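Let's walk through this one together. Have a look at the sequence and the model first, then we'll talk it over.

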Amino acid sequence: SIYLRNSLGWNSARIGTALALTEIGGLLAQIPAGLLADAAKSKRAIIVSACCIIILGCLVILSFPYLYSIMLAQFTMGISIALIPSAIVAITLGLV
């Protein structure tokens, strides 16, 4: 949010909307992420893929500093963020 405020000059409403989209994406992806983690054979690949998507989202925010591209990147990163804990839990439960 500091980057959005200082570099792009966004107001609080735009910043709040972008940050809320991250949480909404994560909320909508919780159950599908759990199902995916349970069904997948390679849980580590889910974690690596989610981290790569988060990195790409950050690069999109830096490369395309426009409202809709940033909001889409935030939403996509929220979905990816939901995948990581589900995959970690699936790995942990598979060890015991």
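**Cores, surface and overall build**

Q: Which residues make up the largest nonpolar core?
A: A nonpolar core is a set of buried Ala, Val, Leu, Ile, Met, Phe, Trp, Tyr and Cys residues joined through side-chain atoms within 4.5 Å. Here the largest one has nine residues: Ala-33, Ala-40, Ile-46, Ile-47, Ala-50, Leu-83, Ile-84, Ala-87 and Ile-91. Two or more residues come from each of α3 (43–63) and α4, and α4 gives the most, with four residues. There's also a second, separate core of eight residues, with Trp-10, Ile-70, Ala-73 and Met-77 among them.

Q: Before we go on, what sort of model is this?
A: It's a predicted model: local features need pLDDT of at least 70, side-chain atom pairs count only at pLDDT 80 or more, and totals for chains, interfaces and linings use all residues. Residues are numbered from 1 along each chain as its sequence is written, and side-chain values use heavy atoms, leaving out hydrogens and water.

Q: How many helices and strands are there?
A: Both are DSSP runs numbered from the N terminus: helices are H or I with at least four residues, strands are E with at least two. This protein has four helices and zero strands. Its C-alpha trace spans about 50 × 20 × 20 Å along the principal axes.

Q: Is Ser-80 buried or exposed?
A: Buried means under 20% relative accessible area, exposed over 50%, and partly exposed in between (1.4 Å probe, protein chains only). Ser-80 counts as buried because its relative accessibility is 2%. Ser-80 sits in helix α4 (residues 67–95). Across the protein, buried residues make up 33% of the 96 residues.

Q: What does Ser-80 touch?
A: Contact means heavy atoms within 4.5 Å. Not counting residues up to four places away in sequence, Ser-80 touches Ala-50, Ile-53 and Ile-54. With neighbours within four places likewise left aside, Ile-91 is in contact with Lys-43, Arg-44 and Ile-47.

Q: And how far apart in sequence are contacting residues?
A: Take the contacts between residues at least 6 apart in sequence: 71% of them join residues at least 24 apart.

Q: Is Leu-56 buried or exposed?
A: Leu-56, in helix α3, counts as exposed because its relative accessibility is 52%.

Q: How much accessible surface does the protein have?
A: Accessible areas come from the Shrake-Rupley method with a 1.4 Å probe; for residues, only the protein chains shown count as cover. The total comes to about 6100 Å², and 72% of that belongs to carbon and sulfur atoms.
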